[in-house]
Structure formats: C-alpha cells, structure tokens
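Visitor: Please take one part of this structure and go through it closely. I am new to it.

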Amino acid sequence: MDIITGDLFEFCAVTKAAREAVNRVTGRTDADDCLKAGWKQAFADKSYRRMRDIIRFQMSVRDQAGKEQVLVIKLRQSDSNKKPVRANPKPYFTYGVDLEDGSQRPYKSLWDFAYISADAYKQLMNLALPEPWSFSDRDGGHEILTWYLNGTFLHLLDEEKIRYGQDAKGKFAVFCTGLVNRNFEDIYCFCEPNNNHKSEWIVRSFCTKGSGNAGKRLVRAFGTDLPQRAVYYRTLTDVVYDGSFDLVPDFDHLMRRWNRVEPSALRVLFAGSAEAAPLIDEAEREADSEKRQRVLEPLTGIVDGDERLRRSLWRALNDACELAQTRARYMFSSAIPSWNPRYSKGGQVFFCLPLSLVDVDRVDAVLIARRIEVQRDGAPYCYYEGETLYSLQMAYKHARTLQRVDGLMGWIESAFPLAATEGSITPAGGDSAFSSTIAPSMTPQLARDDAQDDPSSRLARLTPEDPAMGTYVVRPGDVIGVARRSADPAPDIVLPLIRTFKHVSQRHGVFTCIGGVWSYEQYGVNGAKVRHLDGSVQKLVEGSRIELASGEELSFAESAWMKFMV
C-alpha cells in the first residue's frame with residue numbers, strides 16, 4: 001500500500017529549515033499552509049516527480065513584492081529501508097526548498113550537450129596546470145575534473161557564454177573551461193557535430209588561442225572576441241565569509257547526515273554502539289566515498305533509537321559548529337567559498353566550514369553554510385544558515401568549481417585518502433590541518449636564506465616547470481621527497497603532494513656536492529629520470545647515482561621536469 005497521500009503532513013515531517021525557507025520568500029509566517037496547499041495541488045494533478053527515495057514538486061507563491069515565484073520542494077525518505085525512525089514516525093521529511101525562476105536549461109548536463117571521450121579528458125589534464133583531478137584511480141582518474149567541467153558548463157549556459165560558429169570545415173561550438181595551461185593561457189573546449197551519439201556535439205579538442213587546428217579555427221572565427229570565462233560572483237563580499245554574522249545550524253537536518261562523517265571520527269562518536277560498529281567497520285574498508293555513505297545510512301535510525309547517544313552526538317556537533325565559527329572569525333579563509341549549480345537555471349555561492357568533531361586538529365566533516373538576508377524591524381539582517389553536512393570529498397568538488405583550492409587552505413587536503421591516512425602535509429613543526437592558511441602542499445620548504453648561511457653552499461636551484469610550484473634551493477646533503485608521515489624526519493626539500501608526485505617517497509633522494517660537482521643519489525624505489533643537455537633521458541633505479549650539469553633536468557617518479565641550475 002502506498003504511503004503517499006494528498007495530505008503532506010500525514011506522511012512527511014516538515015523541518016524548521018523548510019518552514020523558514022518558505023517564509024523568507026513570502027514574508028509571511030504560514031509556511032505550513034503554503035506547503036500543504038502546494039502538495040495537495042501537485043498530488044491532485046500528478047505533477048510531482050518520484051525518483052528513488054526523493055519526491056520533488058513545485059508550487060507557486062507570492063513574494064514580499066507581490067511577484068509570483070516558483071518553489072521546488074524536495075521530500076526524502078527517512079532511511080533507505082523505508083522504515084520510520086522517529087518517535088512519531090513519518091516515512092518522509094522535507095529535504096530542501098529551492099527558489100527557481102521556472103526556466104529550464106536546454107541541457108541538463110554537459111553530457112547531454114557533448115560526448116567526451118577518455119582521451120579528451122587525458123588531453124585536458126596534460127594541457128592544464130597540474131592539480132589533483134581524482135581522489136583515486138577509479139573513473140579514469142578524472143572524477144574531480146568531470147564534476148568541474150559539468151558545473152562550469154551549466155553556469156556558462158546560464159550566462160549564455162557557449163559560442164557557436166561555422167567555417168569551411170563545418171559547424172562548431174566552443175566554451176572556455178576556466179582552466180589555463182602552464183603559460184596561463186585560457187583553455188577552450190572545442191566541439192563539432194556528433195553524428196554517432198545521442199548528444200548533439202562531440203568534444204573534438206581542448207585548445208588554447210591559436211594553437212593547433214582547433215585553436216586556429218577559434219581565432220579565425222572570433223578574433224579577439226573569444227568565449228569568456230564563467231563569473232560566479234560580483235563582489236568580494238559574495239565569497240568572503242563574514243565572521244561577524246551569526247551561524248545558525250539546522251540541527252534537525254545535520255543530525256541525519258552522520259553518513260557523511262569520516263569513519264575514523266564515527267568510531268569515537270559511536271563508541272559503545274553495538275549496532276553501529278559493524279557498519280563503521282564496513283565503511284572503513286570501502287574506498288568509494290558514495291558507497292561508504294550508503295553503507296552508513298542506517299546510522300540515522302540508530303541515533304533516533306538511542307536518546308543518550310543522540311544527546312551526545314548533538315553536543316559534539318554543536319561544539320564543532322561553534323569552533324568552526326570561531327575559526328572563521330579569526331581566519332576567514334578557513335571558510336572556503338563553493339558553488340552549487342541549481343537543478344534549474346541559476347546557482348548559488350555557499351561556504352564550506354571544517355568541522356572537528358573529535359580532535360581540534362582534524363577535520364571530520366564539512367558544514368555547508370549559506371548567507372541569508374532578511375528584513376528585521378525594517379532593517380536588513382544577515383546570518384549564515386548551516387544547511388547540511390558534506391563529506392570532505394563532496395566539499396572539495398563543489399569548491400573546485402568556483403576556484404582552484406589545492407594549496408590554498410590546509411584542511412581541504414584531508415579530502416584525499418593519502419593525506420587522510422598518512423597525515424596532512426604541514427609546515428615544519430606542525431601536524432594540524434589548521435597550521436597555516438596556505439597549504440604546505442603547494443609551499444615547498446625552501447632552504448634558509450639569511451646572513452648566517454654560507455654563500456658557497458647556495459650553488460644550485462631546482463626550477464620547476466610549473467611556476468605555481470615555486471623554486472627549490474638546494475644545498476649539499478639536502479634530501480628531497482614528499483612529507484607524508486609527521487613521525488618521520490621531513491625532507492629538506494618538500495615536493496607538493498599533487499597527483500604528479502603520487503609515487504614520490506618520503507625521502508626520495510639526496511644531493512651532494514664534491515669539488516664543485518653536483519650529483520644526485522636515488523633513494524626511492526620508483527626511481528627518477530634525468531634529461532641530459534643532448535635531449536637523452538636516463539632512468540635511475542634505487543641506489544643509483546648520477547652527476548648533474550647545469551641546465552639538466554630531473555623528474556621524480558613521473559613528476560614535472562625541473563631544471564638543475566648551477
């Protein structure tokens with residue numbers, strides 16, 4: 001028997017956040033009546049949509065100015081097994097309320113617009129400045145890039161920045177990806193008509209202005225009037241967290257999102273729960289973040305069935321939210337601006353605040369906070385609404401849509417399994433995700449350059465091909481590597497822990513200088529390569545040593561090439 005009826009309140013628990021969202025738009029206080037009437041109409045004319053555990057329906061309301069607005073209401077099942085979990089059980093609850101302008105995009109995703117092959121993704125990753133594009137090697141190693149391109153494309157659609165052209169070779173469509181190459185030139189996505197796939201276009205190439213066949217066609221068609229980047233904000237206040245505003249978490253909703261918390265924290269938070277233990281064990285063995293969340297979904301029912309546990313978790317969550325707000329007041333950059341493309345036309349900026357539920361130096365989940373402005377006593381009043389929890393990986397993907405975030409904020413590095421399991425890369429003497437606003441993963445530890453140094457020791461510099469990765473000063477005896485484990489001695493020269501360095505060891509190799517002649521000895525099992533002045537490449541194995549001439553280049557375990565300058 002279907003539990004869905006024409007009376008919303010018979011089967012659905014309406015949250016405080018949903019009521020407030022409706023009242024903000026209407027300027028009234030009768031959200032329950034609005035929701036009940038809206039659902040009754042949607043149920044009668046069967047205009048609601050039902051997909052898995054989500055029900056979505058629209059309703060029209062009048063805003064404070066008397067203009068008609070469309071609200072999209074999402075209802076979600078209380079758990080995956082359709083079992084009621086609250087003291088007064090209702091199988092659904094209000095999951096979200098979105099204000100839409102009623103207009104739909106011509107394409108729901110980038111893949112509806114254009115087919116992208118695995119080779120095209122590889123071409124873009126090779127062309128763009130190096131950065132982590134995947135949390136693991138699954139999905140072709142471009143999970144983050146896939147999310148980024150789709151979000152960028154949807155916003156470009158909204159801004160009407162997809163450009164179309166035609167020349168002697170045929171029609172084409174182009175948009176700016178927002179990524180740049182090593183020379184910081186914009187990279188464009190060049191598409192041609194697709195005759196062999198359901199999508200209208202196929203991504204033929206990623207190119208820069210004037211480079212390759214696609215780049216030349218681009219310039220000939222548009223000249224200097226090239227496709228523009230997406231714009232996500234107008235003023236800095238849109239993307240800078242203002243710690244003077246109140247943070248008001250929706251605890252009713254947050255308490256239903258324990259499946260997005262890191263399993264290591266859950267083991268502490270749910271200590272003593274025999275029901276939770278096997279779920280957490282299974283989640284720790286699951287590498288896929290989305291599958292891990294599905295495994296942990298029953299935690300909601302466990303919490304609702306144990307009042308003592310519920311109070312304990314509420315206190316931990318409340319303390320973590322207060323700490324996140326305190327951090328943001330002291331260091332606004334700890335709240336990372338992010339972008340969420342809406343289901344229909346439009347999008348919104350929100351902030352990711354790191355939550356430390358167990359240890360103040362570790363991030364276990366991310367609080368999603370959105371700036372709200374209302375009228376109070378005839379004057380504008382602003383605050384941040386803590387809407388939901390994200391996992392670290394969910395937060396990273398949303399933040400990356402808005403801007404490049406690796407190397408900007410230390411705590412977001414915890415989204416990557418390697419950093420989470422082996423310790424965050426931190427400055428010398430620190431092992432906290434909050435030791436610096438600049439993540440050490442993009443801030444190599446350079447040798448000191450003060451008056452007490454012996455000038456004769458500063459004979460060489462490793463100059464990375466990627467200018468964003470800095471310059472490495474080398475002295476005799478310096479060890480190069482990637483600082484992964486805080487318990488081990490850190491290398492003198494710390495390479496950024498981005499995807500190109502994933503095979504570099506903690507102590508990968510050592511430089512020596514005898515009689516003015518520099519050499520490098522390989523420690524790491526994954527080896528290194530030397531590109532000589534004549535263009536030949538020599539591979540090094542563990543224990544091998546080679547002399548280095550000025551201008552020769554080193555690559556550590558498939559890293560970018562770095563020139564060794566004497």
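Guide: A polar contact is a pair of N or O atoms within 3.5 Å; within protein, one must be able to donate a hydrogen and the other to accept it, and residues adjacent in sequence count only if both atoms are side-chain atoms. The model is predicted, so local features need pLDDT of at least 70 and side-chain atom pairs pLDDT 80 or more, while totals for chains, interfaces and linings use all residues. Residues are numbered from 1 along each chain as its sequence is written, and side-chain values use heavy atoms, with hydrogens and water left out.

Helices (H or I, at least four residues) and strands (E, at least two) are DSSP runs, numbered from the N terminus. The N-terminal end of helix 13 is capped by aspartate 306, with a side-chain oxygen 3.2 Å from the backbone nitrogen of arginine 308.

Buried means under 20% relative accessible area, exposed over 50%, partly exposed in between (1.4 Å probe, protein chains only). Buried residues in helix 13 include Leu309, Arg310, Leu313, Cys321 and Arg327. Among the elements that cover the buried residues of helix 13 are strand 11 (246-249), helix 12 (299-304) and strand 14 (365-376).

As for the setting, the protein chain has 15 helices and 26 strands, and 54% of its 566 residues count as buried.

Note on methods:
Contact means heavy atoms within 4.5 Å.
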